[in-house]
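Good morning, colleagues. I would ask you to look at the sequence and the structure before I comment on them.

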Amino acid sequence: MAILKIARMGHPVLAGQAAPVTDPTAPEIKRLVSDMIETMKDADGAGLAAPQVHTPLRVVVFQAPGERADGNPSGEESFDHTVPLTVLINPVVEVLDETLEGGWEGCLSVPGLRGWVDRPRHIRYAGLDVMGNRIARSARGFHARVVQHECDHLDGVLYPSRMEDMSKLLFESEVHHWLEQRGTERGAAE
Ligand code: NI
């Protein structure tokens, strides 16, 4: 395993379309995923996409802390669940509820900054793990946000280009001035 160098905003590898993985079970994909997980943990991020470590392939890793899902006791989600460390290869995201929810985001490729980003609040996603098994889940809240943020990286999109109001692009140390804002207050370093 190795800690990989993280590309920063402006590097062309972050701006292109990442290619699909042809064999998710290939040894080089397992190695990439192990290194991505180690790199994400070392950088204290909630997620990481392969283009961020200079590998333009459709691979993301993420984890999300437990949080209370908003209602829906009969739905697919359980309450107050933690999203375990997840590897998604060739992910597909489908929006289930286009209602937008705002939250602060950060990105390991945009160090030191936070931005307020509106995203659809309920999604479904699917992909493969390193064993080639299919993963399919629905997600809300921070879980939905981190998956959308990471999958955006695969299409060359960084969160600032999702922002409606650039006055809410701030240094991390200034976010506390805004924490009365409704929505996800936790900084999401991805
Ligand atoms: Ni990011």
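I shall speak about confidence, then strand pairing, then the nonpolar cores.

This is a predicted model, in which local features need pLDDT of at least 70, side-chain atom pairs count only at pLDDT 80 or more, and totals for chains, interfaces and linings use all residues. Residues are numbered from 1 along each chain as its sequence is written, and side-chain values use heavy atoms, with hydrogens and water left out.

The pLDDT (the predictor's confidence in each residue, from 0 to 100) has a mean of 89 for the protein, with 85% of residues at 70 or more. Helices (H or I, at least four residues) and strands (E, at least two) are DSSP runs, numbered from the N terminus. Confidence is highest in strand S1, residues 47-49, at a mean of 98, and lowest in strand S2, residues 59-67, at 82. Over residues 68-80 the pLDDT stays under 50.

Next, the pairing, for which DSSP must find at least two bridges between two strands. Strands S4 (residues 113-128) and S5 (residues 134-140) run antiparallel and are joined by seven bridges. Opposite Arg 124 stands Ser 138 of S5. Five residues lie between the strands of this hairpin, where Gly 132 takes a positive phi near 85°.

Finally, a nonpolar core is a set of buried (under 20% relative accessible area, 1.4 Å probe, protein chains only) Ala, Val, Leu, Ile, Met, Phe, Trp, Tyr and Cys residues joined through side-chain atoms within 4.5 Å. The largest has 18 residues, and Val 60, Phe 62 and Ile 123 are among those with the most contacts inside it. Helix H2 gives the largest share of this core, five residues. Apart from it lies another core, of 17 residues, including Val 21 and Leu 108.

Definitions and conventions:
Contact = heavy atoms within 4.5 Å. Buried < 20%, exposed > 50% of the residue type's maximum accessible area, 1.4 Å probe, protein only.
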